[in-house]
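I opened this notebook to record what I looked up in the structure, entry by entry. The sequence and the coordinates come first, and my notes follow.

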Amino acid sequence: MPARHVSRVRALYRRILLLHRVLPPDLKALGDQYVKDEFRRHKTVRSDEAQRFLQEWEVYAAVLWQQANENRQNSTEKACFGISLPEEKLNDFRDEQIGQLQELMQEATKPNRQFSITESRKPKF
C-alpha cells in the first residue's frame, strides 16, 4: 500500500477493531480475523486499489458505528448488524472475492462456529 495511505490505514484498522467490540463474541472473533486477513492481503496493492479498499472499509466502519448506536438506543430489541449487498456491487466483484464472500457467509451462518467464546457473567477478581 502506498506510503501516503499508511497512517489512514492504521487509524481505520484500529477503529474497526474497536467497533467490533460491540458485536456478539462469535461475530467479533470472526470479524476481527477477517479484517486482519484483508488488511494484510492488501498491504502491497496499487494506489488506485488501495483507495477503493479504504473507501469500502470506511463505509463499513460508518455503518457499524451507526448500527451500534441504534442498537444501544433500542436496548429492548435484539441487536442487529449488517446490511444487504446490492446485486450491482456483486457484479463488481472478482471471482476470488465472490468465493471469499461465500466462505464468510458460510462461516457466519453455520450452527457450530469454530469460535466457541463465552462471556462470563461473574466479575473476575
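**Entry 1: the chain as a whole**

I began with the contacts, where contact means heavy atoms within 4.5 Å: among those in the protein chain between residues at least 6 apart in sequence, 60% join residues at least 24 apart. I noted at once that this is a predicted model, in which local features need pLDDT of at least 70 and side-chain atom pairs count only at pLDDT 80 or more, while totals for chains, interfaces and linings use all residues. Residues are numbered from 1 along each chain as its sequence is written, and side-chain values use heavy atoms, with hydrogens and water left out.

I then looked up the secondary structure, taking helices (H or I, at least four residues) and strands (E, at least two) as DSSP runs numbered from the N terminus. The protein chain has five helices and zero strands, so that its elements read α-α-α-α-α from the N terminus on. For burial I used relative accessible area with a 1.4 Å probe on protein chains only (buried under 20%, exposed over 50%, partly exposed in between), and found that buried residues make up 23% of the 125 residues in the protein chain.

**Entry 2: helix α1 against α3**

For helix packing I worked with axes, which are lines fitted to C-alpha atoms, for helices over the stretch in contact, with angles running from 0 to 180 degrees between N-to-C directions. The axes of helix α1 (residues 6-19) and helix α3 (residues 47-73) come within 10 Å and cross at roughly 30 degrees. That makes α1 roughly parallel to α3, given that angles under 35 degrees count as roughly parallel, over 145 as roughly antiparallel, 65 to 115 as roughly perpendicular and the rest as oblique.

The crossing of α1 with α3 is left-handed, a term used if the near helix is turned anticlockwise from the far one by less than a right angle, with right-handed used if clockwise. I listed the α1 side of this contact as Arg8, Val9, Leu12, Arg15, Ile16 and Leu19, which meet α3 residues including Gln51, Leu54, Trp57, Tyr60 and Trp65. By class, the contact of α1 with α3 has 11 nonpolar, two polar and three charged residues, where Ala, Val, Leu, Ile, Met, Phe, Trp, Tyr, Cys and Pro count as nonpolar, Asp, Glu, Lys and Arg as charged, and the others, Gly among them, as polar.

**Entry 3: helix α1 against α2**

I next turned to α1 and α2, which pack at an angle of about 165 degrees with their axes 10 Å apart. α1 is therefore roughly antiparallel to α2, and their crossing is right-handed. In this contact Val9, Leu12, Tyr13, Ile16 and Leu17 of α1 meet Asp32, Val35, Lys36 and Phe39 of α2, a set that divides into seven nonpolar, no polar and two charged residues.

**Entry 4: helix α2 against α5**

Helix α2 (residues 25-41) and α5 also pack at an angle of about 165 degrees, with their axes 11 Å apart, which makes α2 roughly antiparallel to α5. I recorded a right-handed crossing for α2 and α5. Leu30, Tyr34, Glu38 and Arg41 in α2 meet Gln100, Leu104, Glu107 and Ala108 in α5, and by class these are four nonpolar, one polar and three charged residues.

Within α2 I checked Leu30, which is buried because its relative accessible area is 11%. The C-alpha atoms of Leu30 and Ala108 are separated by 7.5 Å, although the two residues lie 78 residues apart along the chain.

Which residues does Gln100 touch, not counting residues up to four places away in sequence? They are Glu38 and Arg41. Gln100 lies in helix α5 (residues 95-109) and counts as buried at 17% relative accessibility.

I counted six aromatic pairs in the structure, using the rings of Phe, Tyr and Trp (its six-membered ring) with centres within 6.5 Å, and calling planes under 30 degrees apart stacked, over 60 edge-to-face and the rest tilted. Phe53 and Trp57 form a tilted pair, 6.2 Å centre to centre with 55 degrees between the planes. They are four residues apart in helix α3, so about one helical turn separates them, and both Phe53 and Trp57 are buried. One aromatic cluster is formed by Tyr13, Tyr34, Phe39, Phe53, Trp57 and Tyr60.

Lastly I looked up Asn71, also placed in helix α3, and found it buried with a relative accessible area of 17%. Not counting residues up to four places away in sequence, Asn71 touches Lys78, Ala79, Cys80 and Phe81.
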